[in-house]
Amino acid sequence: MTKKLLFRWLPALIVMAVIFWVSAMPGKSVSVSTDPITKPLAIVEHKSSLFSGLPSVPWLKVGHFVGYSVLGLTLFRGFSLSGFDSEFYPTITSFLYACSDELHQNFVTGRSGSFNDVLLDTSAAFIAVLLFVYLRQTVKLIFNQKAFKRSE
């Protein structure tokens, strides 16, 4: 029983832990100019002629979108394996986690919570899950049509 629960939910719990860890970083550590993850991106963006003339990329918002997209997909996996194959459960869980994450940021030095980030995070999870469900149905349809043609 415990192994089944771990198999279903461990990926989502790991993503949640990573989001919490990033949210716990003080404000100066998260800025694009000092963060060890995004600093190389900022250097490339400003030094390369490839990016000249393009608007600046809001890397922190991209990070929100990617992180919560992955969270939405791992939650969808967990709920699907538990018999709840619906877009509603991972989306509402992502919303609740985003609310708790933004609340948590209010207690971190140099950080503050934002309802706009909650909306971005929830939208990211919802879009990722919808896209996955659509692609999964499309692939099933394609393979079912090929199987049908073989049996003729």
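**How helix 1 meets helix 4**

In this predicted model, the axes of helix 1 (residues 2–23) and helix 4 (residues 59–81) come within 8 Å and cross at roughly 160°. Axes here are lines fitted to C-alpha atoms over the stretch in contact, with angles running from 0 to 180 degrees between N-to-C directions. Helix 1 and helix 4 are therefore roughly antiparallel (the word for angles over 145 degrees). The contact (heavy atoms within 4.5 Å) draws on Phe 7, Arg 8, Trp 9, Pro 11, Ala 12, Val 15, Met 16 and Ile 19 from helix 1. Helix 4 puts in Gly 67, Tyr 68, Val 70, Leu 71, Thr 74, Leu 75, Arg 77, Gly 78, Phe 79 and Leu 81. Sorted by class, that makes 13 nonpolar, 3 polar and 2 charged residues, with Gly counted as polar and Arg as charged.

Now for the whole chain. It has 6 helices and 0 strands, where helices are DSSP runs (H or I) of at least four residues and strands (E) of at least two. Of its 152 residues, 29% count as buried, meaning under 20% relative accessible area with a 1.4 Å probe. Among contacts with a separation of 6 or more, 66% come from residues 24 or more positions apart. The accessible surface (Shrake-Rupley method, 1.4 Å probe) is about 10200 Å², and 72% of that belongs to carbon and sulfur atoms.

A word on the conventions: residues are numbered from 1 along each chain as its sequence is written, and side-chain values use heavy atoms, leaving out hydrogens and water. Local features need pLDDT of at least 70 and side-chain atom pairs 80 or more, while totals for chains, interfaces and linings use all residues.

Technical notes
Parallel < 35°, antiparallel > 145°, perpendicular 65-115°, else oblique. Buried < 20%, exposed > 50% of the residue type's maximum accessible area, 1.4 Å probe, protein only.
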